[in-house]
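Biologist: Before we start, could you take me through the reading of a few features, one at a time?

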Amino acid sequence: GFAFCDQQGIARDNALDGARTYLAVDPGWMTLLLGWLSRPRPSALIRRHAATITRVMLRLPTMGATGTRVIVEAYDANGNLLAAKSLKGGPQAELTAEVLATAALALPDIMEENNFGVMPLANMPKVQSLLRDLTS
């Protein structure tokens, strides 16, 4: 993937020495194209012609299903992988709703245990199933 702007805010907000975030899309060539287009000269050209580019892109056929995958990896100072977690879902809004629903359903247990650290997402598959049942 290519560098994504959230990394400065994530590091600052979590008192980290640094954070790296990347954006990648399928197919892989599209990730390379987006990375190239985000460079200064191509992005300036895109900004100047944004309205025209938008009109053209809206007329193009769909390239596939919308899906979102978030991968979080933690490394120590030596670059060794300490932990990794992956979340996969449909459109970003749906994945966000699933994480929020999982958090909301876990709140009673978290409050009871006085455990206000990072919430485990082990119940996410159950919540995804519940949300699918509610929306179908």
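Predicted model: local features only at pLDDT ≥ 70, side-chain atom pairs only at ≥ 80, totals over all residues.

Modeller: Residues are numbered from 1 along each chain as its sequence is written, and side-chain values use heavy atoms, with hydrogens and water left out.

Biologist: How many bridges join strand S3 to strand S4?

Modeller: Two strands pair if DSSP finds at least two bridges between them, and strands are DSSP runs of E with at least two residues, as helices are runs of H or I with at least four, numbered from the N terminus. Here 8 bridges join S3 (residues 68-75) to S4 (residues 81-89), and the two run antiparallel; isoleucine 71 has serine 86 in S4 as its bridge partner. In their hairpin, with 5 residues between the strands, glycine 79 takes a positive phi near 90 degrees.

Biologist: Which residues of helix H2 are buried?

Modeller: Buried means under 20% relative accessible area, with a 1.4 Å probe and protein chains only. In H2 (residues 28-37), Met30, Thr31 and Gly35 are buried. Seen down the axis of H2, the buried residues fall within an arc of 140 degrees (taken from the directions from the helix axis to the C-beta atoms), so they line one face of the helix.

Biologist: Is serine 43 buried or exposed?

Modeller: Serine 43, placed in helix H3 (residues 40-48), counts as buried because its relative accessibility is 16%. Leaving aside residues up to four places away in sequence, serine 43 touches Leu37 and Ser38, where contact means heavy atoms within 4.5 Å.

How values were computed:
Buried < 20%, exposed > 50% of the residue type's maximum accessible area, 1.4 Å probe, protein only.
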